[in-house]
Amino acid sequence: MQRQIFLARSLRFPSSLRFSSPFGGLPLHRSAHLERSLSPFHPWLASPSGKMSADTRMISRLIVLSGPSGVGKSTIKDRLMSEYPDKFEFSVSHTTRAPRRKANVSDALEQDGEDYWFVPMERFDAMVANDEFVEHAVFGRNKYGTSKAAIEKIADAGRVCLLDIEMEGVKQIRNSTLPARFLFVAPPSVEVLEGRLRGRATDDEDSIQRRLDQAKREIEYANSDAVHDKIVVNDDLETAYREVRDFCLQGF
Ligand SMILES: Nc1ncnc2c1ncn2[C@@H]1O[C@H](COP(=O)(O)OP(=O)(O)OP(=O)(O)O)[C@@H](O)[C@H]1O
């Protein structure tokens, strides 16, 4: 059985960064990916109802959300979490970076255990050595990772696990046996992305430039192959939110 996955509508990227598909606007079949998704694994990941019916088998309980820094992932995921607190849970990543001010909340700092687990570099490296991460990556001057414990905690609570990770982590999950579904949030253009990064006023100029360089690589990767099951362009926030929500709710 094949599931149809539709590619994003055309975007206003420079041609070198434009998403394209050899299939044009036609549905893209991703049987290879889905076969991997259906491989035997933790029953919680494969079957929301606990039963392996033909329909529910197609929906894994692990959703990987990615997209350039500043594109609006946190804005969308915070809303999803407040609308469906009992259904979804975001896995809290580990990071070696320092807490920063929350976007849109002028004097609130990110909280340990809520936004990230903030750990020193030595602790992070020890966790890597102990094989405690399902994925980890270096971004800028800092390291980020998703621990196995974080995912297991969500499994134990019976919720759908959402990961908000960057490109290297996406590649690692795709190369793993984890049966995940992949969702990419794209900006309407690099210029709009830059405007959002500047608008939230949480990064210095160096950091903005690094994030924009990384954004171009992420967009090229998303464009390079049928990496993601769905690409949502965050132009109008309401529309983007609805598309993300509907994708996450598929099968539940
Ligand atoms: N559709 C939209 N239109 C206008 N502004 C938006 C839209 N979506 C998000 N924003 C704004 O863009 C800024 C960046 O959003 P946000 O911090 O959620 O991005 P992010 O992808 O989570 O970034 P990071 O990966 O660095 O955490 C915020 O100030 C947010 O309010």
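Author: Two residues are in contact if their C-beta atoms, placed from the backbone, lie within 7 Å. With that in hand, take the contacts in the protein chain with a separation of 6 or more: residues 24 or more positions apart account for 68% of them. Please keep in mind that this is a predicted model, where local features need pLDDT of at least 70, side-chain atom pairs count only at pLDDT 80 or more, and totals for chains, interfaces and linings use all residues. Residues are numbered from 1 along each chain as its sequence is written.

The protein chain has 10 helices and 11 strands (DSSP runs numbered from the N terminus: H or I over at least four residues for helices, E over at least two for strands). Of its 252 residues, 32% count as buried. A residue is buried if 20 or more other C-beta atoms, placed from the backbone, lie within 10 Å of its own, exposed if 12 or fewer, and partly exposed in between.

Now for the part I have picked: strand β9, residues 160-164. What share of this strand is buried? The count is 5 of its 5 residues. In a regular strand the side chains alternate between the two faces of the sheet. In β9 you can look at each face in turn: Val160, Leu162 and Asp164 lie on one side, Cys161 and Leu163 lie on the other, and both groups are buried.

Which strands are the partners of β9? Find the open sheet of 5 strands in the order β4-β9-β3-β10-β11, and you will see β9 placed between β4 and β3. The pairing here is parallel; two strands pair if DSSP finds at least two bridges between them. At the edges stand β4 and β11 (230-233), each with a single partner strand, so one side of each has no neighbour in the sheet. Neighbouring strands of this sheet are turned by 25° against each other on average, direction ignored.

On one flank of β9, 4 bridges join it to strand β3 (residues 62-66), and the two run parallel. One place to look is Leu65, whose bridge partner in β9 is Asp164. On the other flank is strand β4 (residues 88-90), also parallel to β9 and joined to it by 3 bridges. Phe88 in this pairing has Val160 as its bridge partner, while Phe90 stands opposite Leu162. Helix α10 packs on this sheet, touching β3, β4, β10 (180-186) and β11. The direction of α10 makes about 160° with that of β11 (axes are lines fitted to C-alpha atoms, for helices over the stretch in contact, and angles run from 0 to 180 degrees between N-to-C directions).

Helix α10 also takes us to the ligand. Around the ligand are 16 residues, the closest being Ser69, Gly72, Ser74, Arg196 and Leu237; a residue is near a molecule if its C-beta atom, placed from the backbone, lies within 6 Å of it. Two or more residues of this shell come from each of α4 (73-83), α8 (190-200) and α10 (237-249).

Is Glu135 buried or exposed? Glu135 is buried, because 23 other C-beta atoms lie within 10 Å. Beyond its neighbours within four places in sequence, Glu135 is in contact with Gly145, Thr146, Ile165, Gly169, Gln172 and Ile173. For contrast, go to Asp131 in the loop between α5 (121-129) and β7. Asp131 has 8 other C-beta atoms within 10 Å and is therefore exposed. Its phi is near 60°, a positive value in a residue other than glycine.
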